[in-house]
Structures are given as C-alpha cells and as structure tokens.
Amino acid sequence: MKIIDKVYVNGEFIKPYGTKVMNIINPDTLKILGEVTLCNKKDVNYAVKCAKNAFVSFSQTSVEERGEILQSLYEAMSKREDELNEAALLEYGSPITATKGRTKFAKNTFLVAKKQMEEFKFSSRLEDGTKILKTPIGVVAAIAPWNANYTHICQKTAFAIAAGCSIVMKPSEYSAIQTQILCECFKDANLPKGVFNVVNGIGEEVGRYLARHKDISLINFTGSTKVGREISAYAAKMIKRTILELGGKSPNIILDDANLDVAVPMALTIAFSNSGQACHAGSRLLIPYDKLEKVSELLLKALKNIKIGDIRDEECYIGPLINQVQFDRVQSYIKCGVDEGAVLLAGGLGKLEGLDGYYAKPTIFIDVKPNMKIAKEEIFGPVLSVLTYKNEREAIKMANDTVYGLAGYVSSLDIKRANKVASQITAGWVYINKAVYSGKSLVPHVGAKQSGIGINDIDDYTQFRIIS
Ligand code: NAD
C-alpha cells in the first residue's frame, strides 16, 4: 500500500491541512494500490503564498542559473525513469511501450525548454535606448488531467521555470503516485524552495479555488472543454492570462486515392491511441461513400491485430480506462450510438471478457451521421465513428463541422492534394499520412476553436515591460 499523506510545498514534503482520503485503484486489476490525502483551500493558500515569496528572487535569476536547474530536473528524472514507468503502469494502466515513450518525452521537455530559453530574447533595446523587456508573468496555477501525468506536469513546469515563474500545480487526483515520485525527483534536483508546489485535490474544490486565487497571474489548464469554459469565464472577470489545452473530436480524412491497406490500420491506431484517452485521437473517420465495404473489412482485420490487456507486453496497444466514471461515460456513448441508429461494426456495450479492469470493448460504429452525438462529442475511450462523404469538398466541410479544432489527419498518395486538404482543416495540428509527429524540432502544441488558446512556450509565461 502506498500512502501519500504529504504534499510537496516550499521544497519539502509536508502534511496537508486537508484530511479527506481517497483510495488509489489500479485500473487494470481493480486492486487498491494505496491512498492519497486530499488538500483543501487552506493548502492552496499556503502553496500560493510560498510560490509568491519564491517568485521575488526566482524572477531575478539568470538564464544560466535556470539552465542548470532545467538540466538537473532532466537528470533527476532520468535516474528514476524505471520507477516512473512502473508507477504509470500501475496507477494509470497505460501499456508499457506508450508509457516509456511518454516518460522520455516528459523529461526531454526540460532540455527543450532550456534550449528555447537560451535562444529567447528576454531584452532588447530601441535606437533611443528604450529597453523592451520580457519579464516572467508571476505565479502560475497549473492544472493537469490524468491522461499523461508526467507530460503535463513537466511541460508546464519546464516553460514556467525557463521564463522565471513559480508554480502551484494541481495534478489530477487520479495521478497521486506518479506525482509523488515526480516530486521526489524535483526535490533531488534541488529546485529552489517554493518555485514548484503541489496541491493534490478534487477539481471542483481545490482546482477551482486555485485558479480563482487573487495571487495567480496565469492559469495553465489542460483538461476538458467544459472546465476550460468555466476557467475562461472567471479569468475574463479577473483579467488573468490563460493557456488552455482542451478536448477534441479530430477528423481523419481518407481520400479516395489513399492506400487503404496502410491508411485504415493507421486510422485505428490514431483513434485508439492512449487506449482512446488521447486529446488528439482521430475519433471521426471520414471515408469515400463507395469504399465503406472495403474499409469495414480492413478495420475488422486491423482490430484483430491490436493487442489489448497485457499492459506489460511491449506489443500491447490498449489498456484499461482510468476509472469507473470514465468506463461508464464510454458505455453511455456506446449506448447512445446504438440508440441513435449507428451500426456496430465491432465492440459494443459491456466489459471485455477475461479482463478484470476497466476495459471497454474497442468499438467501431459505421453509418454514423454528422448530427449524432457520437460524431460530435468527445468520448475519450476506444470508440471510432465512421462517416462517409461524397466528394472532397464535403469531406472538408464534415471535418470542420465541430466546435473542436485540436488535430486532423489526411491520407492520400498525392502529397500536394493532401496538403491542400490539410490547409483547409481548422485544427492546431494536421498530420499527413502519419499518426504522430516523430521529428526532433520544437513544434508548438496548439488548439484551434474550442480546443484551446495559447501555446506552452516561454513567450506565454512572460509579459512586456518597457523602460525608457
Ligand atoms: P477535467 O477537465 O475533468 O479535469 C482536468 C483537471 O482539472 C483535473 O486536475 C481536475 O481535477 C481539474 N478540475 C476539474 N474541475 C475543475 C474546475 N471546475 N476548476 C478547476 N479545475 C478543475 O479533464 P480530465 O477528465 O482530467 O481529462 C480529460 C480531458 O482533458 C479531455 O477532454 C481531453 O481532451 C483533455 N486533454 C487535452 C489535452 C490537450 O493538449 N489539448 C491534453 C490532454 C487532455
């Protein structure tokens, strides 16, 4: 049993004021892994106070000093990479290959932020001597979801530190063990006291209170569009800056000249990425109407090749959903799809047989119409909705017929044509003939429409100060 009864605040693990305790359940086995003590508003006040005190000196540190900190955060995480992976495997149920990839990605963000910081123009001068400064914005409230705990915590922390800001982090209450080990790494990295502070707790209580706190200058939120809207509303009232990384219902267009043998299996991996719990999942597959039969056949074949359940198997692609609430949510959408008249090609209601955890059946709906809920709303589970289009123009129109704009995918043998289609999809990132970005460059992660505002880079954590 892992008992997490302390939180990392002001450089120390301290007992929180909050006393409520929540069980931590392994979503793969449903066994209780441990318990976490949840913080309350008093804990938020203390953490913000510590972050505010730390900001006074931390905002004055040099690029070299912050570079050393970022480097040591990277090294501290590297030393405990195996433990971090094990915690994500147990607490989140993410298959091992994806888990390892995400931990690596997370620790690398410290180096990415360091490089960006070294190239960033923190000050410049006009001809008349006027100084244009980009100064750290202040104390950041960072609120993160459970679907990639290390990635979200490290990304937010890395760029805040690079800019010279201090942070109060409210991770998901479903990631307490992962957060605890990460905090131990941060402590080992000798982060200056109060620069990074954590409050574990329930979103509606601790998250809401933190984001509304008067001493917070920037709210960096990753999570659902529903909560993002609420945060936007009070940020507007208090004129606070926000970075919002929100939900998606991303379209994947297979054009009529695409190689279906490649594009269709890839469409399944895009839809079921992170067990379907991925913000960028291509959960709407748009195909030419006369290819439905062939695509259906290939989807079923591809589904047979997807390994589910043995999350320690390097080949495993789908693990359990995070918790009962998420399982029930996915079930309600599957039921809704059936009730609305979509046709089940695979999967359906109920748990996957032979597995103990929160395993929904990987589900594929065909004959999905654009006005159905399963075509419009983010499900956040392994459920793919297949829609048909008559021509390219209709495909683009259907792709954009959503309040979201996080990602998009296009498959075609004609790269020029694919680019032309991609340029008409309103989304932060459109992938051509691929499922993920595998390059090494620093690319901003952005969302369009109700999928988000701002990018997680140094610029977003700074504000202008002009001295003349
Ligand atoms: P969520 O919005 O329910 O919760 C996210 C975080 O906000 C959690 O820490 C939660 O405790 C907290 N929270 C909940 N209610 C709050 C409130 N009223 N005020 C302040 N904080 C509150 O989302 P989730 O279920 O944890 O995560 C899934 C969602 O996150 C999906 O919609 C997914 O698309 C989105 N997401 C987006 C990105 C991106 O980069 N765009 C990345 C990952 C996840």
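User: Which helix gives the most residues to the shell around the ligand?

Analyst: In this predicted model, local features need pLDDT of at least 70, side-chain atom pairs count only at pLDDT 80 or more, and totals for chains, interfaces and linings use all residues. Residues are numbered from 1 along each chain as its sequence is written, and side-chain values use heavy atoms, with hydrogens and water left out. α7 (203-212), β11 (218-222) and α8 (225-238) each supply at least two shell residues, helices (H or I, at least four residues) and strands (E, at least two) being DSSP runs numbered from the N terminus. With four residues, the largest contributor is α7.

User: Where does the ligand lie relative to domain 1 and domain 2?

Analyst: The domain bounds come from an automatic or database domain assignment. Domain 1 (2-245 + 447-467) and domain 2 (251-432) both give residues to the shell, so the ligand lies between them.

User: Is A258 buried or exposed?

Analyst: A258 sits in the loop between β13 (251-254) and α9 (260-271). Buried means under 20% relative accessible area, exposed over 50%, and partly exposed in between (1.4 Å probe, protein chains only). Because its relative accessibility is 12%, A258 counts as buried.
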